[in-house]
Amino acid sequence: MRKPDDAPERESGEPFLSRWARKKEESREAPPPAKQEPDPKSPAPELPPVESLTPESDYRAFFHPKVNEDVRRAALKKLFSDPRFNVMDGLDTYIDDYSKTEPIPPAMMAMMKSAQDILRWAREDKEELERKEALERKEAQQAAAKQKALEPPAAPSVAGTSQAAAPQAVPAAPEVPSKDA
């Protein structure tokens, strides 16, 4: 690493930082530049009427120090009233109505890193909800099947039944001899 004293020397042979410090000190000691005072004997320039000015007119005369400030302002107002100076540049960020927003399209949302975690959570929640619903449907079906199996068969109505539709007697199971006898 170089030290400031090892800085490259210019053509004058003086190190850069020394030269910089010397120039800075000289600028402090130098008197400030004198403002050019207008010559009190010089007359004010001949000005055209403000009403006759166009954007192509020469406005330099209105900036002479002897011109009244109100006349200068009127001339500049006339100049900047031209529609060419009233065109929005598009860089003004405060001209839009930001209270009316459009939603971010799903494709763009899927590309955003911060939204990918949210979308993953939403997918996991949706999948978990679907699994719960499927499990509940399966349990409901099983409960309905059990209930149906436990219910006795419905008795046929007596009126208007034929002999073929009448319940038939179930044969009794054969008796099994017991060992005690």
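Residue E136 lies in helix α4, which spans residues 113–150, helices being DSSP runs of H or I with at least four residues, numbered from the N terminus. The model is predicted, so that local features need pLDDT of at least 70 and side-chain atom pairs count only at pLDDT 80 or more, while totals for chains, interfaces and linings use all residues. Residues are numbered from 1 along each chain as its sequence is written, and side-chain values use heavy atoms, with hydrogens and water left out.

E136 counts as exposed because its relative accessibility is 52%, where exposed denotes over 50% relative accessible area, buried under 20% and partly exposed the range in between, computed with a 1.4 Å probe and protein chains only. On the surface, E136 gathers with E124, D125, E127, E130, E133 and E139 in a patch of negative charge; such patches are made of residues with over 30% relative accessible area and no salt bridge, like charges being joined within 9 Å. A salt bridge is here a side-chain nitrogen of Lys or Arg within 4 Å of a carboxyl oxygen of Asp or Glu.

Two aromatic pairs are found in a search of the whole structure, a pair requiring ring centres within 6.5 Å, with planes under 30 degrees apart classed as stacked, over 60 as edge-to-face and the rest as tilted. Y59 and F62 form a tilted pair, with 6.2 Å centre to centre and 40° between the planes; Y59 is buried, at a relative accessible area of 8%, and F62 is buried at 2%. F80 and F85 form an edge-to-face pair, with 5.0 Å centre to centre and 75° between the planes. F80 is partly exposed, with a relative accessible area of 44%, and F85 is likewise partly exposed, at 44%.

How values were computed: Patch = residues over 30% accessible without salt bridge, like charges linked within 9 Å, V, L, I, M, F, W, Y side chains within 5 Å. Areas by Shrake-Rupley, 256 points an atom, 1.4 Å probe, with all protein chains shown as cover. Lys, Arg positive; Asp, Glu negative; His and termini not counted. Charge placed at Lys NZ, Arg CZ, Asp CG, Glu CD. Helix = DSSP H or I, 4+ residues; strand = E, 2+ residues; numbered from the N terminus. Phe/Tyr/Trp six-rings, centres within 6.5 Å; stacked < 30°, edge-to-face > 60°.
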